[in-house]
Amino acid sequence: MRDVAIIGIGQTKVGEHWEKDLRHLSLEALQAAMRDAGVEHVDALYVGNMLSGELTGQEHLGALVADFAGLRGVEAVKVEAACGSGAAALRLGYVAVAGGLADVVLVVGVEKMTDATGPEATAALAMAADADHEVAHGLTFVALNALLMRRYMYEYGYKKEDFAPFTINAHANGMNNPYAMFHMKVTPEAYARARMIADPINLLDSSPVADGAAAVVLAPADWVRGSGKPVIRIAASAVATDTVAIHDRRDPLVLEAAALSAWRAYQQADIGPEEVDLFELHDAFSIMAALSLEAAGFARRGEGVRLALDGEITPQGRIPVATMGGLKARGHPVGATGVYQVVEVVQQLRGEAGANQVPDARVGMAQNIGGSGATVITHILIRDC
Amino acid sequence: MSLPSKNWRLRNQRYRLVGEICEKCGAAIFPPRDVCPECEAPAQTPYVFSGRGEVYSYSTVYHPPAGFEKYAPYTVALVRLEEGPMLTAQLTDVAPEEVHIGMPVEMVTRQIQTDGDEGVIAYGYKFRPRMG
């Protein structure tokens, strides 16, 4: 196996892109990443996307994006793993370069969600859950997370407002990210007043439906060593799975796949959670942020919310999360999210995170979750220099 | 409009709560999955659940997906069956504010979705507060 580096990053602003479709969003992100990497050709293209067929009527994104970007002829496929599609595409790119089957690989995550109505998008997102045994009974994706949040509050004695710090931190960080969807501070009062979506989850617990694309360029780390620039190495790439339906899990409040994926990643990188300088977690809902912190070893069971209440998740805290806004404030264009997370980790490790810079960040972790925890993909990046 | 084949295929589990029992380790399984989640042995022996259980967690849905608009708001739950497995279903015959974790419930057969004015009506299990 060869060491793999991320040599280029690119992203579009996350938001409602009425003038841009899947192709234009992808193109904008991948051209930025190729410019940043200084490459004009790639050996393969992996496109992470969840809902292009359902929401825009377009599948076959591998060939579509390759052709539109002037890369006709290149190996290209779409990769789908629900909201984990972006990191799944990166995983395949990593495997190709680490295994020596390709040298320069382009990974794009893209989603176009605003061509559909709200109820259509809600129904489409629920496809990440069990169609026959969850969704057929009227469960939305929000409702599934609400079931977890209600049980969490019951078992550990938290109040609804105890979850507010996740949202407040994400929005405070999003203020300084020009690519974030929201540039709006959230106060505890605004959180308490927010409209209920699926009790106890309100609008400010929930990441927004959005359009966006992000891209990275991978290459053998040896190619960039000695170039004078910091080498951002993928020190770990690990996928784990769990049951698609929440009701089939041994203990719904434990994200077993998140724990498995994180611990496999720690083994590969030969580090422990205490060495991670920042954690881009999958805060699609506040409860997911809490459960992810516990699964990845940053908090004991039932103490993920406590960590946030203690102020340890801000850029100055013990384990900064959502440092560029997270899914909550940067936005959650589902199939693109896993790539956005990794792009943001690279910004932090390069020291390019501006006002949100985590001091001396050298080890960054990104964890992308498909469904309510059925596919979990963890990447650890380390700056070598 | 979708074809009725899926509802037909799921009729035993949706109408009668038929799951499976593992002949090897004795685990009761619902929804049926043909491989025991406890011991990974093949498990295809039908087993009829009692329909009794209790609420593990619940939520009231105010923003329904397409196809469920006319039912909103409605309350959904994870129900722990007395034989062990958990399932996901709507609660019925109860006001949202009366639901609590640990509430004893029982299965009833109700309409769970309609496919427009002329499409197939899907029936299946919902759960109501247990009577006696």
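1. The side chains of Asp248(A) and Arg33(B) meet in a salt bridge, with N and O 3.1 Å apart; the term denotes a side-chain nitrogen of Lys or Arg within 4 Å of a carboxyl oxygen of Asp or Glu. Across the interface of chain A and chain B, the rule finds two salt bridges.

2. This is a predicted model, in which local features need pLDDT of at least 70 and side-chain atom pairs count only at pLDDT 80 or more, while totals for chains, interfaces and linings use all residues. Residues are numbered from 1 along each chain as its sequence is written, chains are lettered from A in the order in which they are written, and side-chain values use heavy atoms, with hydrogens and water left out.

3. In the interface between the chains, 33 residues of chain A are in contact with 33 residues of chain B (heavy atoms within 4.5 Å). Chain A and chain B bury about 2,800 Å² between them, 58% of it on carbon and sulfur atoms; buried area is the accessible area (1.4 Å probe) that two parts lose on being put together, summed over both. His137(A), Leu147(A) and His247(A) supply 24% of the area that chain A buries against chain B, more than any other three residues.

4. Within chain A, domain 1 comprises 4–117 + 209–224 and domain 2 comprises 127–202 + 234–384, the bounds coming from an automatic or database domain assignment. Their centres, taken over C-alpha atoms, are separated by 22 Å.

5. Domain 1 and domain 2 of chain A bury about 3,000 Å² between them, 68% of it on carbon and sulfur atoms. Across this domain interface the rule finds one salt bridge. Asp36(A) forms a salt bridge with Arg350(A), the closest N and O atoms being 2.8 Å apart.
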